[in-house]
Amino acid sequence: VDLKIKYVLPTEEYADYIADNLKQADYIEVVGLVGKDVRREVKASIKASDWCRVGLIDGVPALVFGIRTTDIFRNVGCVWMLTTDKTQEHKMFIGLATKKYLRKFLEHYSMLFNYVDANNTFTLRWLAFLGAKIYEPTPEGIYQLPYRRFEFTQEGLAKRYKKSERW
């Protein structure tokens, strides 16, 4: 497979494309937490992030992800990612890149967290595979729907992955 993935700074055009082409599970998750204006929310997430990138697969925007510091005293960050269906075609590549970025983020943060739709079984399995601690559902967002908090820590990743594992 001659796949070309490139990570670039977000632009308004990339943000609009990703918002208009979100994977259904990601769309449901965004709307459930913050409302129906998905374009506005994608742009707000980008703007609020301390660090953010768009993943282009063969030149097409496929995902956007970032991190925002939420507690400077405890060095905690909210990590997030939104994807299009294009990522489903390249799960292995996206998974390897995600692990790499998580490790890099955890060099600077003591903990990363966010919330995931409690019914999003694909993402919950993926987060567990990556080494996240996943909590029981609680009502979250504007509609008070069930979401599950997840957290990543250096210790949690160290338990999940052997030090000798290379990516």
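My entries below go from the whole protein down to single residues.

**Ground rules.** I am working with a predicted model, in which local features need pLDDT of at least 70, side-chain atom pairs count only at pLDDT 80 or more, and totals for chains, interfaces and linings use all residues. Residues are numbered from 1 along each chain as its sequence is written, and side-chain values use heavy atoms, with hydrogens and water left out.

**Overall fold.** I looked up the secondary structure and found six helices and seven strands; these are DSSP runs numbered from the N terminus (helices: H or I, at least four residues; strands: E, at least two). Along the sequence I read the pattern as β-α-α-α-β-β-β-α-β-α-β-β-α.

**Size.** The C-alpha trace spans about 45 × 40 × 30 Å along its principal axes. I also checked the radius of gyration, which is 15 Å and agrees with the value near 15 Å for a compact globule of 167 residues. That radius is taken over C-alpha atoms, and the globule rule is 2.2 Å times the number of residues to the power 0.38.

Of contacts between residues at least 6 apart in sequence, 65% join residues at least 24 apart, a contact being heavy atoms within 4.5 Å.

**Helix 1.** Which residues are buried in helix 1 (residues 12–20)? I found Ala 15, Asp 16, Ile 18 and Ala 19. They sit on the same side of helix 1, because they cover an arc of only 165 degrees around the axis; the arc is that of the directions from the helix axis to the C-beta atoms. These buried residues pack against helix 3 (38–48), strand 2 (51–57), strand 3 (60–71) and strand 4 (76–83).

**Two positive phi values.** Most residues other than glycine have a negative phi, so I looked for exceptions. Asn 75 has phi near 60 degrees and lies in the loop between strand 3 and strand 4. Asn 75 counts as partly exposed, at 31% relative accessibility. Gln 144 has phi near 55 degrees and lies in the loop between strand 6 (133–140) and strand 7 (145–153). Gln 144 is also partly exposed, at 49%.

**Last stop.** I ended on Phe 93, found in helix 4 (residues 91–105) and partly exposed, with a relative accessible area of 39%.

Technical notes
Buried means under 20% relative accessible area, exposed over 50%, partly exposed in between (1.4 Å probe, protein chains only).
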